[in-house]
Amino acid sequence: MPEEQTAAEQPAERAVPVTEVGAFLSRRREQIAQRWADETLFRVVFTVSRDEAVEAGRGVVDALARVAVSGRVEDTDSAGFTPVREQLARMAAARARAGLSNAQISREVDALRTPVVNLLVTDLAEAPAEHLRECATTLTALMGTLGLVVLETSLTEGQALIDRQQLQLTEVATPVIRLWDGIVAVPLIGTLDSARSQVVMETLLESVVDQQARFAILDITGVPTVDSLVAQHLMKTVAAVRLMGAECVVSGIRPAIAQTIVHLGLDLPVVTRSSLADALAYALHRLGAGIVPAGSGGAGTR
């Protein structure tokens with residue numbers, strides 16, 4: 001049968017591009033990792049040992065192979081990327097610390113594509129031109145997705161760093177000062193939002209316990225405006241301090257802030273004073289202490 005002989009002589013059908021690319025990555029894992037170790041992204045990050053760069057490259061190649069086999073070459077959420085996200089984050093963070101922008105980091109990741117594609121072309125030199133083109137397109141898409149994963153990871157890590165720094169700055173910007181035995185104060189400067197008010201509350205309550213304070217002064221001289229939201233944050237802090245058995249005094253009520261509070265119809269059920277000095281004098285009086293002017297024959301002690 002001529003037709004049967006022709007069919008028998010036909011070559012076996014080639015694997016679909018994603019399967020072919022996955023197999024290629026697994027087969028050429030070591031060669032790819034070795035070539036990547038000489039690329040800028042790996043060479044500059046892993047400066048101590050080239051072997052470390054090669055090992056990191058192997059991990060990324062393995063991840064790409066898993067993604068290719070799954071067929072999700074354009075999906076940044078593919079499970080295949082999970083094992084290397086931390087590694088990619090460290091690499092991106094290292095380049096960011098070196099002063100590179102996200103665009104520059106993306107270009108370094110894109111530079112990894114050329115040696116892999118060149119190796120694929122060599123590896124599939126005997127394949128039909130159309131199949132080779134499809135495989136190269138699949139591999140290019142896969143490398144593009146890798147770039148997106150690196151960018152997403154870099155942005156996530158960058159935002160996490162910014163959040164940590166903001167929290168640290170907030171904690172530094174809200175110190176609790178011991179003014180007297182049993183009296184502590186928090187000088188607030190800037191806008192009082194929900195996140196910062198939580199830090200203020202936690203820090204102040206800890207200080208009330210540590211110092212065994214009976215009075216806590218919230219000085220808002222440095223707060224530019226007091227609206228209903230800021231007043232709500234202040235009242236929550238005052239209520240929390242009261243639950244700890246201490247009395248809270250709000251100082252720094254300037255004329256403009258007093259008018260704003262009146263116009264907003266806000267009720268502040270708390271002792272207020274115009275300045276920190278007035279608030280301290282009030283707390284000292286409640287404690288049964290007083291300041292004796294030096295000119296009156298006293299020594300300026302309580």
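Asp75 counts as partly exposed, at 24% relative accessibility. Here, buried means under 20% relative accessible area, exposed means over 50%, and partly exposed lies in between (1.4 Å probe, protein chains only). The model is predicted: local features need pLDDT of at least 70, side-chain atom pairs count only at pLDDT 80 or more, and totals for chains, interfaces and linings use all residues. Residues are numbered from 1 along each chain as its sequence is written, and side-chain values use heavy atoms, with hydrogens and water left out.

The side chain of Asp75 meets that of Arg72 in a salt bridge (2.4 Å, N to O). A salt bridge is a side-chain nitrogen of Lys or Arg within 4 Å of a carboxyl oxygen of Asp or Glu. Side chains of opposite charge can pair when their charged atoms come close. Arg72 is partly exposed, with a relative accessible area of 37%. In the whole structure, the search finds 13 salt bridges.

Another salt bridge joins the side chains of Glu55 and Arg58, at 2.6 Å from N to O. These two residues stand three apart in helix H5 (residues 50–70), which means that about one helical turn separates Glu55 from Arg58. Helices (H or I, at least four residues) and strands (E, at least two) are DSSP runs, numbered from the N terminus. Glu55 is partly exposed, with a relative accessible area of 45%. Arg58 is buried, at 18%.

Helix H9 (residues 129–172) holds Arg133 and Glu130, three residues apart and so separated by about one helical turn. Their salt bridge brings the closest N and O atoms to 2.5 Å. Arg133 is partly exposed, with a relative accessible area of 45%. Glu130 is partly exposed too, at 44%.

Helix H7 (residues 102–110) has as its buried residues Ile105, Glu108 and Val109. They cover an arc of only 100° around the axis, so they lie on the same side of H7. The arc is that of the directions from the helix axis to the C-beta atoms. Glu108 has a relative accessible area of 12%. Its side chain and that of Arg95 are joined by a polar contact of 2.7 Å. A polar contact is a pair of N or O atoms within 3.5 Å; within protein, one must be able to donate a hydrogen and the other to accept it, and residues adjacent in sequence count only if both atoms are side-chain atoms. Leaving aside residues up to four places away in sequence, Glu108 touches Thr40, Leu41, Arg95 and Leu100. Contact means heavy atoms within 4.5 Å.

Five strands form an open sheet in the order S1-S2-S3-S4-S5, with mixed pairing. Strand S1 (177–180) and strand S5 (271–273) stand at the edges, each with a single partner strand, so one side of each has no neighbour in the sheet. The twist averages 30° from one strand to the next. Two strands pair if DSSP finds at least two bridges between them. S1 and strand S2 (residues 183–189) pair in the antiparallel sense over three bridges. Ala185 in S2 is the bridge partner of Ile177. Helix H13 (residues 276–286) lies across S1, S2, strand S3 (215–222), strand S4 (247–251) and S5, and runs at about 170° to S3. Axes are lines fitted to C-alpha atoms, for helices over the stretch in contact, and angles run from 0 to 180 degrees between N-to-C directions.
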